[in-house]
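This briefing is meant for a reader who is meeting the structure for the first time.

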Amino acid sequence: MDTVLITGGTGLVGRALTRLLTEVGYKVIILSRKTALPAENGLVTYAHWDVQRQTIDETALSQADYIVHLAGANVADKRWTAARKKEILDSRTQSAELLFNALSRTPNKVKKVISASATGYYGPYTGGEPFTENDPPIDDYLSTTCVAWENAVLKMQSLQKKVLIFRTGIALSPEGGALKEFYKPLKAGFATILGNGEQMVPWIHIHDLVRLYLSGIVNPDLQGIYNAVAPNPVRHKDLVMTLAQVSRGKSFIPVYVPAFALKLALGEMSMEVLKSVSVSAAKIMRTGFVFSYPDIRSALENFFKR
């Protein structure tokens with residue numbers, strides 16, 4: 001029975017991935033700053049790390065066959081002040097640096113490091129073909145953050161570790177994240193469309209996302225950089241309207257929030273909310289991966305079965 005060490009294991013994706021891994025028989029060790037968390041069901045245990053102090057439980061590291069690196073401050077949680085932007089970047093690069101240094105000095109059997117990145121690497125999309133993994137980044141905050149994040153993880157190749165990176169779109173889950181925010185105004189009957197709603201949104205069902213991570217563990221040849229997005233990106237307006245139809249039938253009113261209001265409310269972060277990004281899933285599909293939820297309607301109907 002192999003052991004998977006997960007950073008960011010208490011987050012939205014980490015919780016779903018832990019459930020899947022234990023269902024199919026893996027042991028999971030979740031790295032956490034909290035030291036008093038109890039073991040769960042014999043398959044999930046917790047070990048301590050502290051990114052700021054650059055400390056980690058090396059015993060846990062020595063037990064791992066795979067590392068899944070999901071740790072990072074939530075991009076959308078707070079307004080992007082200079083301090084918050086530094087926190088978002090540092091939480092990703094310094095955590096990867098801690099793993100690199102620990103793997104360098106600790107005898108271990110880690111076969112592969114699998115890391116999150118984000119489709120914020122790309123954009124803005126202005127038409128034509130969707131972005132592929134070979135397209136260059138742009139020079140904005142999220143893109144430069146993704147580049148630094150990926151480079152910090154790719155360093156682990158110098159330790160003879162296989163590295164797999166998933167540039168992830170918006171992960172849709174009823175347990176939190178963007179879907180929960182989109183749904184909040186619908187409770188009052190309003191389908192809130194941001195800007196003109198024409199911006200393309202790269203997305204993925206949480207079930208497909210964690211299946212991608214599992215495939216990275218199961219398939220020893222899967223390495224490099226892949227987009228983790230459903231094969232059918234949608235306009236923001238179509239996502240919100242489909243969510244409204246699936247969850248409320250016809251009892252909702254579309255409401256547009258103009259770009260200037262978003263800029264007042266969100267500051268610099270509004271540029272990312274309004275940015276159009278269309279990303280290709282072709283590369284991961286060529287490996288044989290089949291999406292359970294390839295289109296937005298099937299994904300949302302899975303969450304809101306009527």
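Glutamine 63, leaving out residues up to four places away in sequence, touches Thr3, Ile29 and Lys109. The model in which these contacts are found is a predicted one. Glutamine 63 belongs to helix α2, which covers residues 58-63, and because its relative accessible area is 38%, it counts as partly exposed.

**Two further helix residues**

- Alanine 148 is placed in helix α4, which covers residues 141-154, and with a relative accessibility of 27% it counts as partly exposed.
- Serine 270 is found in helix α9, made up of residues 270-274, and it counts as buried because its relative accessible area of 1% falls under the 20% limit.
- The residues that serine 270 touches, again not counting those up to four places away in sequence, are Leu262 and Lys263.

**A proline in a loop**

- Proline 233 lies in the loop that runs between strand β12 (224-228) and strand β13 (234-235), where a relative accessibility of 23% makes it partly exposed.
- Once its neighbours within four places in sequence are set aside, proline 233 is in contact with Met200, Val201, Trp203 and Ser278.
- Another proline, proline 130, is 103 residues away from proline 233 in sequence, yet the C-alpha atoms of the two are 9.1 Å apart in space.

**Backbone geometry**

- Glutamine 54 has a phi near 55°, which is a positive value in a residue other than glycine; glutamine 54 is placed in the loop between β3 (44-50) and β4 (55-56), and its relative accessible area of 26% makes it partly exposed.
- Glutamine 160, although not a glycine, also has a positive phi, of about 60°, and this residue is found in the loop between α4 and β7 (162-168).
- Is glutamine 160 buried or exposed? With a relative accessible area of 68%, glutamine 160 is exposed, because this value is over 50%.
- The peptide bond that joins glycine 123 and proline 124 is cis, with an omega of about -5°, and proline 124 lies in the loop between β6 (112-118) and α4.

**The second largest pocket**

- Rolling a probe the size of a water molecule over the atoms shows where empty space is left.
- The second largest pocket has a volume of about 230 Å³, and its lining is made up of 13 residues, of which Ala16, Arg19, Ile206, His207 and Val210 lie nearest its centre.
- The elements giving two or more residues to this lining are α1 (12-23), α6 (206-218) and α11 (296-303), and α1 gives the most, with four residues.
- Sorted by class, the lining of the second largest pocket holds six nonpolar, four polar and three charged residues.

**The protein as a whole**

- The secondary structure of the protein comes to eleven helices and 14 strands.
- A compact globule with 306 residues would have a radius of gyration near 19 Å, and the protein has 19 Å, so the two agree; taken along the principal axes, its C-alpha atoms fill a box of roughly 60 × 40 × 40 Å.
- Of the 306 residues of the protein, 50% count as buried, and its accessible surface comes to about 13900 Å², of which 54% belongs to carbon and sulfur atoms.
- Among the contacts between residues at least 6 apart in sequence, 78% join residues at least 24 apart.

Definitions and conventions
Residues numbered from 1 in each chain as written. Predicted model: local features only at pLDDT ≥ 70, side-chain atom pairs only at ≥ 80, totals over all residues. Heavy atoms only, no water. 1 Å grid on protein atoms, 1.4 Å probe; cavity = no way out; pocket = protein on both sides within 12 Å on 5 of 7 lines; lining within 4 Å. Points joined across faces, edges and corners; volume = space filled by probe spheres on them. Nonpolar A, V, L, I, M, F, W, Y, C, P; charged D, E, K, R; others polar. Rg over C-alpha atoms; globule rule 2.2 N^0.38 Å. Buried < 20%, exposed > 50% of the residue type's maximum accessible area, 1.4 Å probe, protein only. Contact = heavy atoms within 4.5 Å. Areas by Shrake-Rupley, 256 points an atom, 1.4 Å probe, with all protein chains shown as cover.
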